[in-house]
Amino acid sequence: MNDAVNHPTHYTQGAIECIEAVDASIALKAPGEAICVAAIVQYLWRYETKNGLQDVLKAQWYLNRLIDKVALREKGEKRRDTAKRSARKRREKKHGRKEA
């Protein structure tokens with residue numbers, strides 16, 4: 001019997017359900033990135049049994065958004081690392097010694 005609410009056929013392919021794969025794929029992600037990853041998994045999981053190319057294009061849309069988020073995060077991390085190095089160099093110069 002098809003349970004369209006709890007176990008829709010387009011999410012119950014293979015040995016696990018889509019929700020289990022989504023849960024595993026976002027477990028350690030930042031919230032904004034997790035939303036994108038969850039949507040990508042969902043759309044790619046179901047495209048053959050639901051909306052075909054439309055679902056693949058939606059996954060691509062979320063992938064592009066994820067790429068932007070990761071690029072911004074990594075750029076921010078590099079900025080913070082540079083700022084920490086600059087602050088350390090200023091302290092070393094002021095105090096005349098190198099920090100460990």
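Modeller: Happy to! In α1, the residues Cys 18, Ala 21 and Val 22 are buried. Around the axis these three span an arc of only 100 degrees, so they lie on the same side of α1. The general rule behind this is that an α-helix has 3.6 residues a turn, so residues three or four places apart point the same way. Turn to the other side of α1 and you find Ile 19 and Ala 24, which are exposed. Do keep in mind that this is a predicted model.

What does the buried side face? The buried residues of α1 pack against α2. You can follow them into the largest nonpolar core, which has ten residues in all: Cys 18, Ala 21, Val 22, Cys 36, Val 37, Ala 38, Ile 40, Val 41, Trp 45 and Leu 66. Two or more residues of this core come from each of α1 (18-26) and α2 (31-46). The biggest share is that of α2, which gives six residues.

One of the core residues, Cys 36, is worth a stop on the way. Leaving aside residues up to four places away in sequence, Cys 36 touches Tyr 62, Arg 65, Leu 66 and Lys 69. Leu 66 is itself a member of the core.

Now for the setting. The chain has three helices and zero strands, in the order α-α-α along the sequence. Buried residues account for 24% of the 100 residues of the chain. If you take the contacts between residues at least 6 apart in sequence, 45% of them join residues at least 24 apart. The accessible surface of the chain comes to about 7,800 Å², and carbon and sulfur atoms hold 56% of that.

To come back to your helix: α1 has Cys 18, Ala 21 and Val 22 buried, with Ile 19 and Ala 24 exposed on the other side, and its buried residues pack against α2.

Notes: Residues numbered from 1 in each chain as written. Predicted model: local features only at pLDDT ≥ 70, side-chain atom pairs only at ≥ 80, totals over all residues. Heavy atoms only, no water. Core = buried A, V, L, I, M, F, W, Y, C linked by side-chain atoms within 4.5 Å. Buried < 20%, exposed > 50% of the residue type's maximum accessible area, 1.4 Å probe, protein only. Helix = DSSP H or I, 4+ residues; strand = E, 2+ residues; numbered from the N terminus. Contact = heavy atoms within 4.5 Å. Areas by Shrake-Rupley, 256 points an atom, 1.4 Å probe, with all protein chains shown as cover. Arc of directions from axis to C-beta.
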